[in-house]
Amino acid sequence: MTLTRRDFSRLAGLATASAFVPSAHGQTGQHPIGWCVVGLGRISMDHFMPGVKLSQKGKIVALVSGHRDKAEKQATLYGVSQSAIYNYDNMDAIRDNKEIDAVYIALPNSMHAEYTIRSAKAGKHVLCEKPMATSVADAKAMIEASKAANRKLMIAYRCQFDPLHIKAIEMIRSGQLGQIQGIESAFGFNIQPGEWRLDRKLAGGGPLMDVGIYCLNASRYLTGEEPQEIKAYSSVIDHDGRFNTVEENVSWTMKFPSGIVAACNTTYGGNMNGYFRVHGAKGAIEMLPAFNYDGMHLAGQIGRDQKIDELSPVREPMEFTRQADHFADCVWNDRTPKTPGEEGLRDMELMSEIYQAAGLPGL
Ligand code: NAD
């Protein structure tokens, strides 16, 4: 039998597709990763848990919460047994729950270190929300604890699992835009009073730690370089009681070894629809919005003729499912996650430099 070129492409396509069809027990026949969710707030209930539900590689098997009623309702939704609901005091007992492989930490920032370290000591892998911690020392301690326990530590940089972000990176790396000359990025929102995000003890800092970190992380993965020089400003414009312990605005520039400069802005004082714009010698791309949970839009122009205009699928928790799938693959195949503790630590060190460049204390 002779195969035409078209037959060959079709068979190759089928072979590739079948490699990605998971069995009932996950892609490699391994059992799905059992997740314990710590902190039942917006990100875990609205995004992470629905994302895991769509994953064939994981399931929610335990919850840690200070609110038993809320936890019982979530347990019913996800088929978690009532005996697998823990609170912050007794959560170390997860050590004895063999159904739990990994812990997802979605608590206020200053609690990330303690709960990551407790989870590692209980013998569990950890996926921790960004920002990794509220100090560089805590971030280092989290990495040490995970290494000592021989467990994985990944920081939940969901955008790095988003197909449109990956496409933007590929366009830059393949040279389609020519030499990159400059990047702009911003992300911010008008915060309501009373949020834990306004309390330095819980948040560690203001919008830079919370949403500016997306611009910082994106500048690093878009260039594939590490910043060499940082200049920054910080200000409080609204003296209305919200910004007594954290900053309201940070604007900063980062110069990379190639000479690319990224100019970034973040605020808690107004809505800045998160975006990035990359200017190259042959063309430019913009993603707006870039850091939302869905509806990302990548647009651009290369030369005179090539237009880029792509939307991510609407209302599908793709990033969270892909992130959880990646974590499962790393656990199953003993691989280092794409966004390990060291990636979170790098951002912590850089945010510390940004604060100091703006005349504020480092982290
Ligand atoms: P949230 O306020 O909605 O939830 C926080 C949870 O922590 C709640 O369940 C709350 O009960 C619990 N908690 C325990 N002790 C607390 C205390 N002392 N004060 C306040 N809450 C306490 O917050 P969130 O928006 O879900 O954020 C949680 C973490 O997730 C943060 O680190 C945040 O930066 C991160 N986050 C990530 C993304 C993302 O897209 N990756 C988006 C939002 C938030």
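This is a predicted model: local features need pLDDT of at least 70, side-chain atom pairs count only at pLDDT 80 or more; totals for chains, interfaces and linings use all residues.

Where is the place of Asn150? Asn150 is in the loop between H5 and strand E6 (153-155), helices (H or I, at least four residues) and strands (E, at least two) being DSSP runs numbered from the N terminus. Although Asn150 is not a glycine, its phi is positive, at about 55 degrees.

Residues are numbered from 1 along each chain as its sequence is written, and side-chain values use heavy atoms, with hydrogens and water left out.

Let me turn to two cis peptide bonds. One runs from Lys130 to Pro131, with omega near -15 degrees; Pro131 belongs to the loop between strand E5 (125-128) and helix H5 (136-148). Another runs from Leu288 to Pro289, with omega near -5 degrees, and Pro289 is found in the loop between strand E12 (283-287) and strand E13 (297-302).

I now come to the ligand. Domain 1 (5-157) and domain 2 (163-313) both give residues to the shell around the ligand, so the ligand lies between them; the domain bounds come from an automatic or database domain assignment. Of the 25 residues around the ligand, Arg42, Asn109, Lys130, Arg158 and Trp196 come nearest, where a residue counts as near if one of its heavy atoms lies within 4 Å. Helix H2 (42-53) and helix H8 (207-223) each supply at least two residues of this shell.

How many nonpolar, polar and charged residues does the shell around the ligand have? There are 13 nonpolar, five polar and seven charged residues. Here Ala, Val, Leu, Ile, Met, Phe, Trp, Tyr, Cys and Pro count as nonpolar, Asp, Glu, Lys and Arg as charged, and the others, Gly among them, as polar.

Some individual atom pairs deserve mention. An N or O atom in the side chain of Asn109 is 2.7 Å from an oxygen atom of the ligand. A backbone N or O atom of Arg42 lies 2.9 Å from a ligand oxygen atom, and a polar backbone atom of Ile43 is 3.0 Å from an oxygen atom of the ligand.

Note on methods: A polar contact is a pair of N or O atoms within 3.5 Å; within protein, one must be able to donate a hydrogen and the other to accept it, and residues adjacent in sequence count only if both atoms are side-chain atoms.
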